[in-house]
Amino acid sequence: MSRIAYVNGRYRDLRDACVNVEDRGYQFADGVYEVCEVRGARLVDFPRHMARLQRSMRELRIAEPMPITALGIIMREVVRRNRVTYGIVYLQVTRGVARRDHAFPPNPVKPGVVVTARALDDEKKQQAAAAGISVITLPENRWPRVDIKSVALLPNVLAKQHAREKGAHEAWYVDSDGFVTEGASSNAWIVTKDGRAVTRSVDQGILAGITRAVLMEVLRAFQIRLEERPFTPAEAREAAEAFVTSASQIVMPVVAIDGQVVGDGRPGGIARRLREEFHRFSAFS
Ligand code: PMP
């Protein structure tokens, strides 16, 4: 089955889906994006993702291409046309097409909109979660505005590649004070030996993950204490459990950090439980 993408008003076969070479997303990474999980052919936590998208666009002064309800219709249509029941849908909004010049186009241009969807292998994901993943750490080298979900992801690309070459699945950035910020494409968490869940606060140089926010409701419901504070790789290596959160991984246990096992080297009980219960707390639409 051929894959279908939405590109600036049209649904096209992925092979013919093209953007203008002067799209500022292509030339300058001048754009923002969102990734929603698709489960049971429905979008998971769509309103929260759209609220973050609107914030990202506001911060970069990118015009809203269309009302959020219309974006939702397109995203669901791309999911439907690709027959995705479990997977992800990707939405990208760029500043639009203009003659190449670093400053914003002097006259307003229409923002570019691209939507793609992809099925994921549920069984494979569950196997990964049952085994747990390993992470490596590396120095934070991104710009300070990582709160904006921009498509400028080159440091993240290099970090992820570095992780892969070391046989790991994720890279955790460490700031100049020695504290973990977040993963290249996920938020970082630990569980202390006395059962508190710890993750960095969103005003401390991380992306405000949607999975992270929903997970906080799960923690509240299960009366698991939450501490929003930075932690070091050393504290993480000595912690009872570690895990990462993102829309495509939900709660993914971490069993090794820089080659050293966390806990007994198997996914922790709290991470496992949070993963199992997570979708009871998500909004489906
Ligand atoms: N941090 C970064 C850098 C990310 O790329 C992601 C994934 N989009 C996250 C955190 C997790 O965010 P979410 O839970 O909204 O997917």
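**Reading the ligand site**

Tutor: Domain 1 (4–120) and domain 2 (125–280), with bounds from an automatic or database domain assignment, both contribute residues to the shell around the ligand, so the ligand lies between them. The model is predicted: local features require pLDDT of at least 70, side-chain atom pairs count only at pLDDT 80 or more, and totals for chains, interfaces and linings use all residues. Residues are numbered from 1 along each chain as its sequence is written, and side-chain values use heavy atoms, with hydrogens and water left out.

Student: Which residues come nearest to the ligand?

Tutor: A residue is near a molecule if one of its heavy atoms lies within 4 Å of it. Of the 18 residues around the ligand, K149, E182, I210, T211 and A247 come nearest. The shell comprises five nonpolar, nine polar (Gly among them by convention) and four charged residues (Asp, Glu, Lys and Arg).

Student: What polar side-chain atom distance separates K149 from a nitrogen atom of the ligand?

Tutor: A polar contact is a pair of N or O atoms within 3.5 Å. For K149, a polar side-chain atom is 2.4 Å from a ligand nitrogen atom. In the side chain of E182, an N or O atom lies 2.7 Å from a nitrogen atom of the ligand. A247 places a backbone N or O atom 2.8 Å from a ligand oxygen atom.

Student: How much of the ligand does the protein bury?

Tutor: Accessible areas come from the Shrake-Rupley method with a 1.4 Å probe. Alone, the ligand exposes 390 Å², and the protein buries 94% of that.

Terms used
A polar contact is a pair of N or O atoms within 3.5 Å; within protein, one must be able to donate a hydrogen and the other to accept it, and residues adjacent in sequence count only if both atoms are side-chain atoms.
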